[in-house]
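The following questions and answers examine a predicted model. Each answer sets a computed value against the criterion that applies.

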Amino acid sequence: MKRTMMSLIGVAVALGAVTGVGAVAAPDGEGHDAPRGGSRLPVQRSALLCPAPTSSEVGETAYTAFAPKGAAAGADGKKGTAELLPAGTVRDAGDGADGKGKKKGKGKSGGKGAADPAAGQTVAPRDTKPVVPLQEAGKPVTTTTDSPDAPALVGAADGTLAPGWTVQQTTSVAAGSGRGLLGLSCTTPDTTFWFPGVSTATERQDYVHLTNPDATPAVVDLELHGKDGALDGSSGEDIQVPPHTTVPVLLSTLTGSPTTNAALHVVAREGRVGAAVQASDGTLGSDWLPPAADPAPGLVLPGIPKDATSVRLVALAPGESDADLKVQLATPTGLITPAGLETLHLKSGMTTAVDLKDLTKGEAGSLVLTPTDGEAKAPVTAALRVTRGKGAKQEMAFIPATRPVEKRATAADNGGKDATLSLVAPQKGKDAKVKVTASAGSGGGTPVTRTYTVKGGTGLDVRPPRPQGLKGTYALTVEPESGSGPVYAARMLARPQGGVPAFTVQPLPDDRGSVLVPTAGQDLSVLTD
């Protein structure tokens with residue numbers, strides 16, 4: 001192990017680079033969990049990317065931006081700015097990138113489905129005006145569009161609006177193969193993503209949207225895994241993503257082996273991208289599949305609705321070792337083991353799918369996966385496909401594994417009574433005490449705060465608080481109190497469409513709105529290998 005000494009400035013730069021949020025502001029006080037001699041500082045810049053929402057002629061998309069109150073103005077007195085700008089789109093005539101075609105294209109490397117700017121066409125956005133520019137913390141801003149050509153969005157926040165800046169993209173499609181309610185918390189750029197639960201089967205059309213926020217090109221590799229390992233013939237290497245541009249890739253064009261329960265690994269070899277998968281099923285509707293939390297020995301997948309009629313788990317051990325997991329459902333009364341599924345064995349590099357059917361049986365819950373051997377370190381990744389309704393009135397959504405809420409998490413675009421908040425404290429004996437704040441409404445209203453206690457080893461589903469005198473939509477902020485046990489969270493939006501129980505679930509990972517920065521000369525050997 002290297003024993004590295006770094007200056008405060010060096011640490012700040014390194015942390016900014018790793019988290020993708022730039023520099024840190026001057027401290028406004030030391031955090032209670034800061035290391036001796038260190039400080040918890042708010043991030044000074046953050047970036048978000050929203051994929052192109054839909055190509056449907058009968059779709060409507062709402063964008064809602066929000067930043068929690070709390071950060072002080074910088075030394076220059078500026079309060080900060082936050083806005084998104086339309087991105088360009090690469091349309092390759094061979095890869096069906098407009099959401100309608102199914103042809104297989106060729107990238108520079110010969111890879112199928114690689115949308116290649118040299119072979120295709122980079123279409124600039126028609127409008128370059130900022131979208132949902134945010135002027136103040138604590139009050140959401142919203143806008144809508146019904147354009148089938150609505151572009152992807154890239155943007156950044158700085159100053160007091162950077163910590164916890166959140167943008168929710170919610171699309172309602174009334175009819176067609178892409179019908180349903182599609183929700184996504186716009187993603188932060190990174191260099192690697194896992195998407196368990198994708199499909200290349202004929203009944204599904206899954207597109208991964210790759211968006212480059214930077215002024216330099218990005219080069220991305222896509223790798224698909226199935227039950228026997230890497231899919232035969234899969235080829236998604238050297239996908240070129242031009243600056244400030246999005247590239248949609250139809251996953252079925254990457255392989256000649258249709259696979260229902262697959263996992264996608266996205267790796268940016270040059271630059272960084274935002275990534276999200278839009279999944280459409282002819283029977284079950286459509287929704288976004290957000291990236292799962294980084295692979296870890298244990299996972300929590302929060303927010304399975306009480307009326308779920310079908311739950312399917314897709315899991316993968318991406319490392320060199322197999323993994324054996326204990327499978328439990330966190331309910332309001334405790335952790336229970338699904339019948340016939342006490343343990344789950346995952347082979348290295350191979351997906352495992354389990355049909356959990358109507359797992360919740362009228363009682364909402366969250367799935368908790370832990371190693372059967374407490375000393376096991378093999379990382380795993382997983383996601384759930386959850387279905388509500390029956391027959392022709394079915395709708396699907398996805399719940400990937402998520403990070404715990406360490407300091408704060410936010411969900412925007414909550415309406416009147418359409419939201420359900422799921423909280424889970426997965427460790428027995430470690431209760432979680434959580435403060436939930438409903439912000440002012442986008443059109444007016446007074447914030448309301450409530451505190452919930454979640455007993456260790458249980459889950460809790462609640463109708464979240466609403467602002468007094470609510471006008472418009474509002475944001476929910478979840479904050480564990482000092483001394484709280486680990487807690488995970490998700491928010492479900494339910495907006496029925498003509499008898500279809502349309503819904504979408506957004507995990508609420510920690511917003512990473514602050515970073516711990518050691519003092520100059522502090523020994524960082526625990527942070528570097």
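Of its 529 residues, 55% count as buried.

Q: Why is the aromatic pair of F193 and F195 called stacked?
A: Ring centres must lie within 6.5 Å to pair, and planes under 30 degrees apart count as stacked. For F193 and F195 the values are 6.4 Å centre to centre and 25° between the planes, so the pair is stacked. A search of the whole structure finds one aromatic pair.

Q: What makes F193 count as buried?
A: Buried means under 20% relative accessible area. F193 has 7% relative accessibility and therefore counts as buried.

Q: Why is F195 called buried?
A: The relative accessible area of F195 is 0%, so F195 is buried by the criterion of under 20%.

Q: How do you know that R388 lies over the face of F503?
A: For Arg, CZ must be within 6 Å of the ring centre and within 35 degrees of the ring normal. R388 is at 5.1 Å from the ring centre of F503 and lies over its face.

Q: Why are strands β23 and β25 said to pair?
A: At least two bridges are needed for two strands to pair. Strand β23 (residues 323–331) and β25 have four bridges, in the antiparallel sense, so they pair. D324 has H345 in β25 as its bridge partner.

Q: Which residues make up the covered face of strand β25, and which the uncovered one?
A: L344 and L346 form the covered face, while T343 and H345 form the uncovered one. In a regular strand the side chains alternate between the two faces of the sheet.

Notes: Residues are numbered from 1 along each chain as its sequence is written. This is a predicted model: local features need pLDDT of at least 70, side-chain atom pairs count only at pLDDT 80 or more; totals for chains, interfaces and linings use all residues. Side-chain values use heavy atoms; hydrogens and water are left out. Rings of Phe, Tyr and Trp (its six-membered ring) pair if their centres lie within 6.5 Å; planes under 30 degrees apart count as stacked, over 60 as edge-to-face and the rest as tilted. Buried means under 20% relative accessible area, exposed over 50%, partly exposed in between (1.4 Å probe, protein chains only). Helices (H or I, at least four residues) and strands (E, at least two) are DSSP runs, numbered from the N terminus.
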